[in-house]
Amino acid sequence: MTAVLAEKRLGDSLDPANPLGFDAILAADERREPFTAADDVLRGPLAERSGRDGLVELGRAVFRRDTALAARLGVPGLAAAHGLPRPPQAAPFAVAADAGLRVADGVLNGRAHVLGPDPHGYAVLGLRTEDGTPARLLLDLAALPSAHVHRGPARKLIALEGSAVAEYTFHGCPLPGSGVLDPYGPEVPALLSGMVVGAVDSQLRLALDFAYGRMLYGRRVTDIPHSGNLLAGVFLDVLICDGLAGLPGASALVHDVVRQAGNELTVLLGARSYLREGPHGIFQKQLRDLPALLHLAALPDASAPARLPRELPAPDGLADAVRRRLGTRFGHRPQPLDDTTRRRVLDELLARADAGLTFDLACTALPRTRA
């Protein structure tokens, strides 16, 4: 199943009558229950062996719906395990970021915090070999020798409902024959970076929907220069993150921009960004969940830090706006948008919102039931 078909079956996320929409997701979170209604739609496609681009687009669709849903279905683990042989009953995977794990002569030492729907099942661990080379290890945690592994209890999280974290301490643990150790390159963390763009897409859509329908000082909020600059800037952030996601060494940059973009949108929503009710109540949940997932599930980038490119892919007419935002976002001399440029960026943003198109480079159609 393609990401477009998955989106179609998930339906309009903003439709309050949709049992797979934001209202239903937030209601489950309020009850402190995992959101399971979308499982039948997504488990099949996620279990299929997809190419890199197909997996990123599908993962992006899940993140666009709900970060906690992506975590519970093991999407970060699938990204981390991409290209590895998949053992039976191995979906969904748990995942653990680099936490000081090292392997030497087939023996594993160190500690890991494993995030997953079942943190005692199959997991992809980020580690380093004896010579310091970054690697990933696919492991059946339940099959490890108890004499060499201390398994801490699985702890529920305030964020990412339906997932848990378990601490594992390895001391001279021999790697089982079924384990797969693989040096990984920059494409592994880049997969997750490409996926989380979907979460920022949703945050921006919610903030825009709030701003467009609100009047302040006799004008729409979107017509006030400060608010327009903020919305236009985050739209450019989405395009920048999408363009950077596939570059070696860029994962940390993408994750940093993702966090900053969400925080900037809270300025626009004001007190509404803290409320969990009404049509924009899901914003607070998304703002809470995404940083937690990035902290717990982001494998380290094996390559040198990315050098910012002079050019990134951009929609027609927005390349110069994207170039300015790139420099401003990463600490160069700020280049605020002039009125003409801001209007051009906002026009593109509003046109996509009106047409129900995503804000990323793909600019694909989303399902809509509302006028």
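Biologist: What covers the buried residues of helix 11?
Modeller: The cover of the buried residues of helix 11 includes helix 8, helix 9 (251-269) and helix 12 (339-355). Helices (H or I, at least four residues) and strands (E, at least two) are DSSP runs, numbered from the N terminus. Contact, on which such cover rests, means heavy atoms within 4.5 Å.
Biologist: Which residues of helix 11 are buried?
Modeller: In helix 11 (residues 319-329), they are Ala-321, Val-322, Arg-324, Arg-325, Leu-326, Gly-327 and Arg-329. Buried means under 20% relative accessible area, exposed over 50%, and partly exposed in between (1.4 Å probe, protein chains only).
Biologist: What should I know about the source of the model?
Modeller: This is a predicted model, in which local features need pLDDT of at least 70 and side-chain atom pairs count only at pLDDT 80 or more, while totals for chains, interfaces and linings use all residues. Residues are numbered from 1 along each chain as its sequence is written, and side-chain values use heavy atoms, with hydrogens and water left out.
Biologist: Which residue takes a positive phi just after helix 11?
Modeller: Gly-331 does, with a phi of about 90°.
Biologist: Let us turn to helix 8. Is Asp-242 buried or exposed?
Modeller: Asp-242, which is placed in helix 8 (residues 225-244), counts as buried because its relative accessibility is 15%.
Biologist: Which residues is Asp-242 in contact with, leaving aside its neighbours within four places in sequence?
Modeller: Asp-242 is in contact with Arg-60, Val-197, Asp-360, Leu-361 and Ala-362. With Arg-60 there is also a side-chain polar contact of 3.1 Å. A polar contact is a pair of N or O atoms within 3.5 Å; within protein, one must be able to donate a hydrogen and the other to accept it, and residues adjacent in sequence count only if both atoms are side-chain atoms.
Biologist: Which residues are linked with Asp-242 in a network of salt bridges?
Modeller: The network links Asp-242 with Glu-7, Arg-60, Arg-64, Arg-65 and Asp-360. A salt bridge is a side-chain nitrogen of Lys or Arg within 4 Å of a carboxyl oxygen of Asp or Glu.
Biologist: How many salt bridges does the structure hold?
Modeller: The structure holds 27 salt bridges. One of them joins the side chains of Arg-32 and Glu-161, at 3.0 Å from N to O. Arg-32 lies in the loop between helix 2 (22-30) and helix 3 (39-47) and Glu-161 in the loop between strand 7 (155-156) and strand 8, so this pair ties together parts that are 129 residues apart in sequence.
Biologist: Is Glu-161 buried or exposed?
Modeller: Glu-161 counts as buried, at 8% relative accessibility, whereas Arg-32 is partly exposed, at 41%.
Biologist: Where do the strands come in? How many bridges join strand 3 to strand 8?
Modeller: Nine bridges join strand 3 to strand 8 (residues 164-174), and the two run antiparallel. His-113 stands opposite Glu-167 in strand 8. Two strands pair if DSSP finds at least two bridges between them.
Biologist: And how many residues lie between strand 2 and strand 3 in their hairpin?
Modeller: There are two residues between them, and Asp-105 in the turn has a positive phi of about 55°. Strand 2 (residues 102-104) pairs with strand 3 (residues 107-116) in the antiparallel sense over three bridges.
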